[in-house]
Each structure stands twice: as structure tokens, then as C-alpha cells.
Amino acid sequence: MNYCSHCGGEITTVIPEGDNRLRYVCTQCSTIHYQNPKIVAGCLPVYQNQILLCQRAIHPRAGYWTLPAGFMELNETTQQAAARETWEEACATVEIDKLYTLFNLPHINQIYLIFLAQLPQPIFSPGEESLSAELFTEETIPWDNLAFPTITKTLQYYFSDLKQQQFTFRTIDIAPHASYQQVK
């Protein structure tokens with residue numbers, strides 16, 4: 001950040017009074033520009049034990065498969081964001097259930113929230129950000145072509161939980177080049 005979005009003044013990094021870390025602060029109007037993690041909200045849409053996945057048409061990871069998910073917008077809940085992203089990426093309407101996985105990705109300043117969801121009818125098609133949208137069973141999921149570790153882990157947890165018919169909420173920390181750490 002070089003210039004203030006409030007007044008256009010130059011930005012410097014300082015520890016503001018009463019704070020404990022470097023922040024971007026305008027040298028003219030003293031506005032503090034906080035930078036906080038982005039929240040990614042999505043869902044695991046299920047239709048008759050099949051999972052709806054989207055093949056990404058955009059970067060990063062264009063051509064790879066993912067659960068419908070994306071950055072939250074202002075003035076929406078996490079559940080609304082997950083449902084909106086499903087509509088945008090798969091033209092599908094879902095019934096959001098409970099929060100299923102929460103991933104902390106501090107190395108890229110993101111928090112990933114994936115909700116379990118029901119796809120009441122098998123009505124879907126690729127949205128603007130998708131090349132394809134398809135239903136998959138555990139055996140047919142393109143495991144080697146999943147876009148992100150958050151998606152792989154969520155699907156692994158789901159199929160494991162499906163066998164026991166007990167869907168446990170999980171919080172997982174993911175750091176680059178490190179093993180997954182599950183936090184309860």
C-alpha cells in the first residue's frame with residue numbers, strides 16, 4: 001500500500017499508539033489501514049451421496065476441481081456467502097446445514113469455512129467461474145486434480161464420516177510445507 005484510500009496521502013508503516021504491531025498509516029490524515037485475513041466461505045453440496053464439484057475456469061488453479069467457495073462479500077453471513085458462491089459457480093440452489101470444516105491458512109491470510117449442504121435437486125450447470133459442474137461419488141472424484149488442500153481434506157473427512165454416519169466439525173491449521181494440524 002503506497003497511498004491512502006481516504007485522502008490520497010502517502011502511507012508509512014508504524015506501530016500506532018495503543019497497538020502492538022506495524023500498520024499502514026497515512027502521513028496526512030493519520031488513518032490506520034488495517035489488513036485482516038480474508039474469509040472464504042463455501043459448501044459441500046450433497047445429492048444422494050454424490051458431491052457437486054466445479055472445475056475452475058479462473059486462476060489460481062484453473063482446470064482443477066473444487067467445492068463451490070469464494071470470498072465473502074460485505075453485508076452477508078457466512079451461510080449466505082456459501083449459498084451465493086454455489087449459485088455463482090454451479091448455478092445450483094443449496095440448503096445450508098452446519099459448519100463442517102474451518103481451515104486456518106495464516107501463510108496466505110485466509111480462513112476457509114465449509115458448510116455441509118443439501119442439493120435438493122440435481123439441477124446445476126457451470127457458472128461464469130467454472131468450466132464444468134458435476135456430481136461425483138467417492139470413487140469417481142478426480143483426487144489428483146483437486147484445486148486446494150482444503151478441498152482434499154474436507155472430502156476425505158466427509159467420506160470417512162459418511163461411513164460412520166457421524167459428521168464431526170473440524171478446525172485445521174494448514175501451513176506451507178507442513179503436515180496438517182487438526183485442532184479440536
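Start by selecting Thr154 and showing what surrounds it: leaving out residues up to four places away in sequence, Thr154 touches Leu44, Leu67, Tyr100, Thr101, Phe103 and Ile114. Contact here means heavy atoms within 4.5 Å. You're looking at a predicted model, where local features need pLDDT of at least 70, side-chain atom pairs count only at pLDDT 80 or more, and totals for chains, interfaces and linings use all residues. Residues are numbered from 1 along each chain as its sequence is written, and side-chain values use heavy atoms, with hydrogens and water left out.

Stay on Thr154 for a moment. This residue sits in helix α2, residues 149-164. Helices (H or I, at least four residues) and strands (E, at least two) are DSSP runs, numbered from the N terminus. Is Thr154 buried or exposed? Thr154 is buried, with a relative accessible area of 0%. The cut-offs are under 20% relative accessible area for buried and over 50% for exposed, with partly exposed in between (1.4 Å probe, protein chains only).

The side chains of Thr154 and Thr101 are joined by a polar contact of 3.1 Å, while a polar atom of the Thr154 side chain lies 2.8 Å from the backbone oxygen of Thr150. A polar contact is a pair of N or O atoms within 3.5 Å; within protein, one must be able to donate a hydrogen and the other to accept it, and residues adjacent in sequence count only if both atoms are side-chain atoms.

Next stop: strand β5. Select residues 50-56, a mostly covered strand with six of its seven residues buried. Which strands pair with it? Pairing requires that DSSP finds at least two bridges between two strands.

- Strand β4 (residues 38-47) runs antiparallel to β5, joined by two bridges. Val46 has Ile51 of β5 as its bridge partner. In the hairpin of β4 and β5, with two residues between the strands, look for Gln48, which takes a positive phi near 45°.
- Strand β10 (residues 130-136) is also antiparallel to β5, with six bridges. Here the bridge partner of Ile51 is Phe136.
- Strand β6 (residues 65-66) is antiparallel to β5 too, through two bridges. Cys54 stands opposite Thr66 of β6.

Not counting residues up to four places away in sequence, Leu53 touches Trp65, Thr66, Leu67, Ser132, Ala133, Glu134, Phe136, Ile141, Pro142, Leu146 and Leu155.

Time for the rings. The structure holds five aromatic pairs. Rings of Phe, Tyr and Trp (its six-membered ring) pair if their centres lie within 6.5 Å; planes under 30 degrees apart count as stacked, over 60 as edge-to-face and the rest as tilted. Select Trp65 and Phe136, an edge-to-face pair at 5.1 Å centre to centre, with 80° between the planes. Trp65 is in strand β6 and Phe136 in strand β10, so this pair ties together parts 71 residues apart in sequence. Both Trp65 and Phe136 are buried.

Then move to Tyr158 and Phe167, a stacked pair with 5.4 Å between centres and 25° between planes. Tyr158 is buried, at 3% relative accessible area.

One more residue: Leu105, in strand β8, residues 95-105. Leu105 counts as buried, at 7% relative accessibility. Its contacts, leaving aside neighbours within four places in sequence, are Gln110, Tyr112, Thr150 and Ile174. Show Ala175 as well: Leu105 and Ala175 are 70 residues apart in sequence but 6.3 Å apart in space, C-alpha to C-alpha.

Finally, zoom out. The protein chain has two helices and 12 strands, and its C-alpha trace spans about 60 × 35 × 30 Å along the principal axes. Of its 184 residues, 42% are buried.
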